[in-house]
Amino acid sequence: PSSAASDVYKRQLPVMLGMLGHTLVSLVDNIMVGKLDPTNLAAVSLGNSFIFIGMAIGIGFSSAITPLIAEADSEKNHYKLQSTFFHGIILCTALSLILFLSIFLFRDIMLLMNQPKEVVELALPYLELVVISLIPLLIFQAFKQFCDGLSLTIYPMYAAVLANVINVLINYVSKKSGLTNREVVRRSQRKRNALGPVTLWLCVSLLAREQGLDMEKINEILEK
């Protein structure tokens with residue numbers, strides 16, 4: 001029994017940390033935006049309330065992939081594995097497009113929520129920019145649930161942790177350099193295209209060095 005409990009713990013801990021990673025991305029954004037002013041923080045919170053609806057639907061939907069993959073894996077049915085994986089990606093991609101269009105088209109519901117005008121004016125462009133992230137998120141979820149079904153739970157956790165590190169790094173460089181997050185990503189991607197097969201966090205670090213930022217602080221963020 002103790003061995004079984006230990007095995008369950010080792011497999012489920014990365015799953016819990018991976019799920020926590022989704023929340024930490026929004027938490028870090030709120031911390032960074034909260035340092036600006038209450039209006040911006042309220043706008044981000046309002047926009048995220050729409051995003052969380054899409055995330056809840058998408059993550060809940062994609063969770064159905066895991067037991068199907070586990071069943072096929074236990075049966076050693078490779079055809080069923082491939083079919084479930086393929087159809088899982090297709091369905092998650094289709095759902096992500098539906099959620100993206102639904103939230104984008106009905107974003108003006110904010111105007112009926114009796115929120116301060118200045119908050120809504122900031123929340124709308126934020127939502128228009130962030131809502132597109134539902135598409136890669138749900139595609140990632142399809143791969144994550146596939147890995148979870150094969151008991152390879154550690155790899156999605158690594159991806160979630162790395163995403164949070166990059167998110168913190170981009171927010172930090174944006175704040176200290178005066179560049180927008182989009183500009184930081186654009187310049188980092190340009191470096192990535194020029195340098196070849198290098199990681200995004202390395203390109204963001206190079207951009208931080210160009211901007212004259214404290215590299216010891218950058219190293220601290222990466223080490224965490």
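**Helices and a pocket: a quick chat**

Student: Is the crossing where helix 2 passes helix 6 left-handed or right-handed?
Tutor: Keep in mind that we're looking at a predicted model. In it, helix 2 covers residues 38-62 and helix 6 covers 134-149. The way helix 2 passes helix 6 makes the crossing right-handed.

Student: Okay, and are helix 2 and helix 6 roughly parallel or roughly antiparallel?
Tutor: Their axes are 10 Å apart, and the packing angle is about 25 degrees. Angles under 35 degrees count as roughly parallel. So helix 2 and helix 6 are roughly parallel.

Student: How many charged residues does the contact of helix 2 with helix 6 have?
Tutor: Helix 2 brings Ile 51, Gly 54, Met 55, Gly 58, Ile 59 and Ser 62, while helix 6 brings Leu 134, Leu 137, Leu 138, Gln 141 and Gln 145. Sort them by class and you get six nonpolar and five polar residues. Gly goes with the polar ones in this sorting. For charged residues, the count is none.

Student: What about helix 7 and helix 9: roughly parallel or roughly perpendicular?
Tutor: The two axes come within 10 Å and cross at roughly 15 degrees. The cut-off for roughly parallel is under 35 degrees. Helix 7 and helix 9 are therefore roughly parallel.

Student: How many nonpolar residues are in the contact of helix 7 with helix 9?
Tutor: From helix 7 come Leu 162, Ile 166, Leu 169, Ile 170 and Val 173, and they meet Leu 200, Trp 201, Val 204, Ser 205 and Ala 208 of helix 9. One residue in this contact is polar and no residue is charged, so by class the nonpolar count is nine.

Student: Switching to the largest pocket, which helix gives the largest share of its lining?
Tutor: The lining of this pocket has 43 residues, with Val 25, Asp 29, Val 130, Asn 167 and Asn 181 nearest the centre. Helices 1, 2, 5, 6, 7 and 8 each supply at least two lining residues. The largest share is ten residues, and these come from helix 7.

Student: Which class has 25 residues in the lining of the largest pocket?
Tutor: The pocket itself has a volume of about 1,900 Å³. Its lining includes five charged and 13 polar residues. The class with 25 residues is nonpolar.

Note on methods. Residues are numbered from 1 along each chain as its sequence is written. This is a predicted model: local features need pLDDT of at least 70, side-chain atom pairs count only at pLDDT 80 or more; totals for chains, interfaces and linings use all residues. Side-chain values use heavy atoms; hydrogens and water are left out. On a 1 Å grid over the protein atoms alone, a cavity is a set of points where a 1.4 Å probe fits but cannot get out, and a pocket is an open set with protein on both sides within 12 Å along at least five of seven lines; lining residues have an atom within 4 Å of a point. Grid points are joined across faces, edges and corners, and a volume is the space filled by probe spheres set on the points. Helices (H or I, at least four residues) and strands (E, at least two) are DSSP runs, numbered from the N terminus. Axes are lines fitted to C-alpha atoms, for helices over the stretch in contact, and angles run from 0 to 180 degrees between N-to-C directions. Angles under 35 degrees count as roughly parallel, over 145 as roughly antiparallel, 65 to 115 as roughly perpendicular and the rest as oblique. Contact means heavy atoms within 4.5 Å. A crossing is left-handed if the near helix is turned anticlockwise from the far one by less than a right angle, and right-handed if clockwise.
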